[in-house]
There are 4 protein chains.
Amino acid sequence: MTRLRLGMVGGGQGAFIGAVHRIASRIDDQWELVAGALSSDPGRARASAAELGIAPDRAYADYAEMARAEAARADGIDAVAIVTPNHMHAGPAVAFLRAGIPVICDKPLAARADEAEAIAKAVADTGTPFILTHNYTGYPLVRQARQMVADGDLGAIRVVQVEYAQDWLTEDVHNKQADWRTDPSRSGAGGCIGDIGTHAFNLAGFVTGLRTEAVAADLVAFVPGRQVDDNVHVMLRFEGGAKGMLWASQVAVGNENALRLRVHGTRGGLEWAQENPNRMLFTRFGEPTQVLTRAGAGANAAGQRHIRVPAGHPEGYLEGFATLYAEAAEIVRHRARGTQPPPEVLAPGLDEGLEGMRFIAACIASSQNGSAWTAM
Amino acid sequence: MTRLRLGMVGGGQGAFIGAVHRIASRIDDQWELVAGALSSDPGRARASAAELGIAPDRAYADYAEMARAEAARADGIDAVAIVTPNHMHAGPAVAFLRAGIPVICDKPLAARADEAEAIAKAVADTGTPFILTHNYTGYPLVRQARQMVADGDLGAIRVVQVEYAQDWLTEDVHNKQADWRTDPSRSGAGGCIGDIGTHAFNLAGFVTGLRTEAVAADLVAFVPGRQVDDNVHVMLRFEGGAKGMLWASQVAVGNENALRLRVHGTRGGLEWAQENPNRMLFTRFGEPTQVLTRAGAGANAAGQRHIRVPAGHPEGYLEGFATLYAEAAEIVRHRARGTQPPPEVLAPGLDEGLEGMRFIAACIASSQNGSAWTAM
Amino acid sequence: MTRLRLGMVGGGQGAFIGAVHRIASRIDDQWELVAGALSSDPGRARASAAELGIAPDRAYADYAEMARAEAARADGIDAVAIVTPNHMHAGPAVAFLRAGIPVICDKPLAARADEAEAIAKAVADTGTPFILTHNYTGYPLVRQARQMVADGDLGAIRVVQVEYAQDWLTEDVHNKQADWRTDPSRSGAGGCIGDIGTHAFNLAGFVTGLRTEAVAADLVAFVPGRQVDDNVHVMLRFEGGAKGMLWASQVAVGNENALRLRVHGTRGGLEWAQENPNRMLFTRFGEPTQVLTRAGAGANAAGQRHIRVPAGHPEGYLEGFATLYAEAAEIVRHRARGTQPPPEVLAPGLDEGLEGMRFIAACIASSQNGSAWTAM
Amino acid sequence: MTRLRLGMVGGGQGAFIGAVHRIASRIDDQWELVAGALSSDPGRARASAAELGIAPDRAYADYAEMARAEAARADGIDAVAIVTPNHMHAGPAVAFLRAGIPVICDKPLAARADEAEAIAKAVADTGTPFILTHNYTGYPLVRQARQMVADGDLGAIRVVQVEYAQDWLTEDVHNKQADWRTDPSRSGAGGCIGDIGTHAFNLAGFVTGLRTEAVAADLVAFVPGRQVDDNVHVMLRFEGGAKGMLWASQVAVGNENALRLRVHGTRGGLEWAQENPNRMLFTRFGEPTQVLTRAGAGANAAGQRHIRVPAGHPEGYLEGFATLYAEAAEIVRHRARGTQPPPEVLAPGLDEGLEGMRFIAACIASSQNGSAWTAM
């Protein structure tokens with residue numbers, strides 16, 4: 001099987017998430033990075049491309065030109081990864097979608113609603129695949145949990161507690177990563193809620209399969225002078241009557257990247273935490289809690305679909321991310337063959353992106369309106 | 001030092017919390033149970049008393065008679081423990097307070113506001129000591145945490161996440177313990193919120209020293225036909241701007257008695273969980289997280305005030321409860337001597353009880369009013 | 001039911017284990033301390049007794065006198081607790097046994113083999129009950145584990161890994177507790193091996209029901225000048241072919257009181273650790289690991305025999321110790337009635353004490369003989 | 001920077017460790033697999049190569065031919081990975097070393113001593129780089145621990161407890177992975193001791209920097225009919241007086257891949273476990289235990305040398321393995337430039353391989369000789 005050709009927009013020298021995408025794309029040997037508009041600064045774009053082994057004629061300074069040129073090449077890219085700050089998603093996404101090139105886009109979908117709509121329109125107009133890297137859905141146990149809920153192992157879901165706590169913005173820090181995330185013109189109106197709140201929200205929906213109907217939110221910027229929220233409290237109401245809470249914080253001292261999900265139903269409950277992602281607690285009501293391990297005893301089909309090493313050999317963040325690239329590869333290959341990917345191919349896409357945008361908007365609206373319940 | 005004489009109202013055969021109070025009272029050898037109105041059924045009161053070694057002439061069937069008789073005896077009780085269901089707190093509490101006998105009362109303060117007010121008036125009128133057994137405040141590390149916050153180890157508090165999850169009411173269970181707790185005429189209007197939500201609320205206030213100004217709550221009874229809430233979601237606003245969330249549930253499958261507190265300030269964060277109460281995580285911002293142990297390296301004075309065994313020898317629920325009895329003994333002995341207990345004597349009392357009642361009322365009101373922020 | 005009368009030898013002011021015995025004896029309300037030879041210093045014996053509410057005429061300075069006097073009283077003690085340093089066990093044990101008074105003795109049995117033999121002879125001659133407080137056998141989950149092994153839940157046992165790590169003797173510390181434990185004239189020839197190694201050894205035997213046939217040991221005193229071992233490595237061979245390792249250390253920095261047992265058989269494995277004693281991991285081969293909790297789902301009869309509070313309410317060191325006092329009470333009451341305690345009454349006694357003495361001796365001999373396998 | 005060219009011997013369809021090597025080689029984008037003798041079966045070698053995108057003219061059925069041919073090509077491989085069963089290491093290793101092609105070889109070094117010597121001679125004769133994939137040394141926290149010991153953070157080392165427990169050979173299982181590991185003609189005389197015991201041994205030496213002087217071992221095959229050991233107990237004596245224990249088992253029910261190391265010195269102690277490799281406990285004597293995280297607060301230079309994602313984003317087994325490939329790349333590039341790699345480049349090699357062979361031999365000899373202390 002030959003590798004698919006990948007392009008990248010953003011991710012030049014000094015970027016974090018671009019490097020993650022590149023490693024993730026390599027792990028399962030499905031992709032080869034061959035083109036990029038890695039920076040809007042031409043010199044830096046060139047230098048970054050050279051470092052990554054991209055041929056000079058495919059090192060672009062402008063994503064629009066890249067979309068045109070790659071679409072025109074016989075050996076043009078099979079997909080593009082967009083790893084720019086939030087406010088720079090829509091431009092390249094629309095350009096590549098309209099050029100017929102599948103898009104793998106970092107989350108959240110966009111900084112503003114009109115940008116999100118432009119992406120949605122391009123997807124609707126073209127039918128080009130669009131994948132949003134809510135990468136935590138790539139963890140094997142997260143997928144196992146989703147199937148367990150779908151299989152009824154937990155019964156009817158009642159309570160969903162999800163949280164994502166960090167502490168790196170506890171003080172008024174300034175660096176490349178912090179600056180764009182706390183600048184509403186680049187991140188969008190939401191700070192913490194967009195950056196990590198959407199991950200937590202997506203995870204809860206991915207695992208439970210439940211749509212959120214309304215939120216009551218209390219957003220705050222604790223650090224003096226900060227223009228976007230850095231701590232988010234939300235109560236959730238799901239379709240069918242389940243209830244939940246979501247906490248996201250970037251000022252919770254003692255937390256590095258503590259994404260954690262708990263789901264409780266009429267017959268069972270489960271608990272998973274991203275920082276030790278190879279174990280999950282599961283309890284059937286009235287029985288001892290079980291420690292489920294990645295690929296271990298009792299793993300279901302979804303939990304074993306993308307496994308690279310046996311149980312007890314921890315897989316981590318990069319492998320979970322790689323699973324999205326493996327799914328993207330399958331989607332792209334099916335498209336090339338004119339076939340449909342089977343249902344077990346799971347990749348967040350436009351719907352999840354729009355849902356995330358609605359979540360951000362509803363939380364901000366609720367918070368500005370006395371935490372009133374706000375429909376999504 | 002001779003033992004103080006303890007009486008008990010409630011706690012007859014088959015009761016849970018009465019037995020806990022009795023063990024707790026014995027651990028530090030400060031109390032001897034000598035009288036009781038252990039049941040409103042005379043035969044059962046007598047039999048229960050006999051089992052506990054209470055002399056027949058001090059086995060009462062009526063708390064009012066007991067208050068009168070014990071107050072009149074030269075060797076009358078030094079304090080009474082009230083361990084009846086919530087709606088039966090006020091009657092005996094008022095009777096003993098007005099008889100000049102200190103009261104150690106189980107929580108919550110009462111089932112209804114008027115009952116709480118009656119107790120408050122009796123305390124105000126008589127000055128008799130009144131101790132409310134929010135027993136989780138007796139854990140050494142909880143006390144250590146309180147002092148750490150007071151000492152500024154966490155800086156200014158920003159975020160308080162507290163939760164108390166159980167699963168024993170996941171189904172429509174019926175037994176002595178379940179029945180009164182789910183019967184509004186005995187438990188009060190709140191179910192889960194009164195039974196365990198008040199513990200969580202009290203713990204957050206005890207450790208942080210912060211008063212809650214307003215709540216936005218979403219209460220629900222998930223089990224069909226249940227007349228009181230069995231799951232509680234609350235957003236909290238504290239004086240000074242800190243924010244929090246409280247989750248209490250009795251239908252969270254996989255949880256036995258999972259009371260857990262996390263506090264995050266400008267300079268530090270901590271995390272404690274009742275089910276493994278001899279360790280606490282503490283992080284100074286920018287430094288590695290520390291594992292603080294009960295009586296271990298770095299324990300402060302509050303954390304070492306009531307220690308029975310060295311670090312590494314786990315103390316549990318009963319020892320924490322016993323600490324409240326040790327504090328009660330000190331209060332009673334000081335009163336007998338006409339002296340004031342020193343400030344390190346910590347025992348929840350009327351104020352905490354009234355605060356808990358306001359919390360229950362505000363949450364119910366908020367929940368019935370679209371989760372609107374409701375002042376306390 | 002009236003309380004049994006307890007006497008105590010040792011345990012005067014400043015002692016650690018004496019206070020533990022007293023609390024343990026009170027928790028289940030079966031015992032009342034009424035007599036004591038708390039110190040060999042008469043003044044201190046008197047003062048200690050007064051502090052503990054012991055009547056002056058039952059405050060003895062000499063254990064032999066106490067044994068005589070108490071045996072002669074109509075209201076004499078029902079049992080005596082011996083909580084002196086190791087080299088002071090045999091004297092009082094023999095005196096009380098020969099006076100017909102049951103003995104509850106701290107471990108190890110004695111400092112020297114001849115002392116142990118004297119106790120054994122007194123037990124054999126008199127038939128008086130003798131209980132050795134290997135208190136870790138009192139933990140509910142330890143008892144549950146024992147029954148699980150006996151029930152075949154683990155299949156045939158193959159591997160036993162037991163360890164007991166502390167760090168309080170890492171440096172050349174001097175205080176009351178450290179001094180006698182590192183003085184061979186008081187502790188016996190073994191230091192760490194006697195003080196905590198015997199606990200680990202006893203625990204392994206208690207849970208597995210297997211007799212150790214031979215040991216290969218490597219003992220060392222790491223702290224310069226220390227006269228007894230402070231770190232112990234032992235390989236074990238059990239009857240029937242199982243094998244094991246035992247590590248005991250008092251210089252393992254980072255450990256407070258880390259007693260831990262793992263047992264692996266043909267069909268299952270389990271793991272328990274004293275510092276968080278309310279949970280135990282159990283795995284049936286090929287199935288997910290289960291988290292068994294004290295008194296929780298799946299608890300067997302042995303694990304529920306002595307339970308004071310429901311699952312999720314942690315019981316600790318003192319409650320485990322109290323269980324030995326509860327068993328002792330049952331043994332003493334049966335003796336008074338002339339009946340036999342039922343088989344579920346579990347209390348370590350002379351056999352375990354002698355086995356522990358043989359273990360100490362065999363380890364020391366092996367270590368001095370190039371770690372050669374040494375029969376027990 | 002262009003990718004280095006990698007060849008592979010072994011690792012055809014159905015192999016486990018070959019796939020791991022390939023992923024590991026890709027993660028940091030330093031290597032491209034371009035040639036292979038993936039199977040000794042020509043058809044399978046061809047098919048496997050085709051699947052992996054290896055050009056047909058570089059798909060060899062014979063490693064000797066591959067060594068000759070690749071050495072002769074201008075674009076010949078820069079290194080070869082040898083991922084065959086143990087008894088098939090020496091042949092290709094010697095062939096490639098003598099062809100001047102650096103070797104990355106799976107562990108243990110060989111099945112027999114004479115094979116190991118042949119490799120050693122080839123290394124000595126040619127000076128060609130030889131890297132042995134004791135991959136657990138690639139974990140960032142393992143490297144951090146090594147530097148901490150070297151920096152004196154633990155003081156003088158006293159006690160080393162290392163263990164590696166699995167349960168997949170609990171029963172008499174037969175499959176490709178199990179069969180060669182339990183066949184002495186392929187695995188060598190050691191079973192569990194060679195397969196995972198050497199990993200544990202290597203880890204202890206890597207972190208502490210201490211050479212083992214002697215072992216006293218007890219090896220056993222618990223499964224009836226098994227020809228090699230499946231459980232290994234070893235006592236260790238290190239240069240300078242430190243002592244240790246090593247336990248390796250493949251029949252320890254409840255363990256997936258539980259490699260765990262504890263090191264205790266005069267001033268500190270640490271504890272690390274492979275199944276949750278992003279955290280490590282560290283205690284300075286007399287201070288609270290710290291939770292050190294991969295790349296987190298307090299990480300030293302060695303712990304941050306190969307980091308792909310920030311703290312809180314777990315890295316796992318494959319990333320640790322990838323670090324050895326990153327180091328191998330640096331060694332190969334330095335060799336090409338005629339320069340020496342800087343001291344922070346860490347890769348186990350021939351010395352570690354020979355040490356491992358001596359360890360296996362000494363343990364087997366000791367076990368056959370009544371567990372007598374056996375020099376290494």
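**Strands, helices and domains**

Guide: Strand E13 (residues 289–293) of chain B and strand E13 (residues 289–293) of chain D run antiparallel, joined by 3 bridges. Strands pair if DSSP finds at least two bridges between them. Helices (H or I, at least four residues) and strands (E, at least two) are DSSP runs, numbered from the N terminus.

Visitor: What is the bridge partner of Thr289(B) in E13(D)?

Guide: Val291(D). And before you go on, this is a predicted model: local features need pLDDT of at least 70, side-chain atom pairs count only at pLDDT 80 or more, and totals for chains, interfaces and linings use all residues. Residues are numbered from 1 along each chain as its sequence is written, with chains lettered from A and ligands numbered from 1 in the order in which they are written.

Visitor: Ok. How many residues of chain B are in contact with chain D?

Guide: 10 residues of chain B, against 10 residues of chain D; contact means C-beta atoms, placed from the backbone, within 7 Å. On the chain B side there are 4 nonpolar, 5 polar and 1 charged. Ala, Val, Leu, Ile, Met, Phe, Trp, Tyr, Cys and Pro count as nonpolar, Asp, Glu, Lys and Arg as charged, and the others, Gly among them, as polar.

Visitor: Switching to helices. How do H4 and H5 of chain B pack?

Guide: Helix H4 (residues 90–98) of chain B and helix H5 (residues 113–126) of chain B pack at about 10°, with axes 9 Å apart. Axes are lines fitted to C-alpha atoms, for helices over the stretch in contact, and angles run from 0 to 180 degrees between N-to-C directions. H4(B) and H5(B) are therefore roughly parallel to each other, the word for angles under 35 degrees.

Visitor: Which residues of H4(B) meet H5(B)?

Guide: Ala90(B), Ala93(B), Val94(B), Leu97(B) and Arg98(B). By class, the contact of H4(B) with H5(B) has 8 nonpolar, 1 polar and 2 charged residues.

Visitor: And H4 in chain A, how many of its residues are buried?

Guide: 7 of the 9 residues in H4 of chain A; buried means 20 or more other C-beta atoms, placed from the backbone, within 10 Å of a residue's own. Among them are Phe96(A) and Leu97(A). The cover includes strand E1 (4–9) and helix H3 (63–72) of chain A. Just after H4(A), Gly100(A) takes a positive phi of about 80°.

Visitor: Last one: what domains is chain A divided into?

Guide: Domain 1 (4–132) and domain 2 (139–308 + 354–375), with bounds from an automatic or database domain assignment. Their centres, taken over C-alpha atoms, are 27 Å apart.

Conventions: Two residues are in contact if their C-beta atoms, placed from the backbone, lie within 7 Å. A residue is buried if 20 or more other C-beta atoms lie within 10 Å of its own, exposed if 12 or fewer, and partly exposed in between; C-beta atoms are placed from the backbone. Angles under 35 degrees count as roughly parallel, over 145 as roughly antiparallel, 65 to 115 as roughly perpendicular and the rest as oblique.
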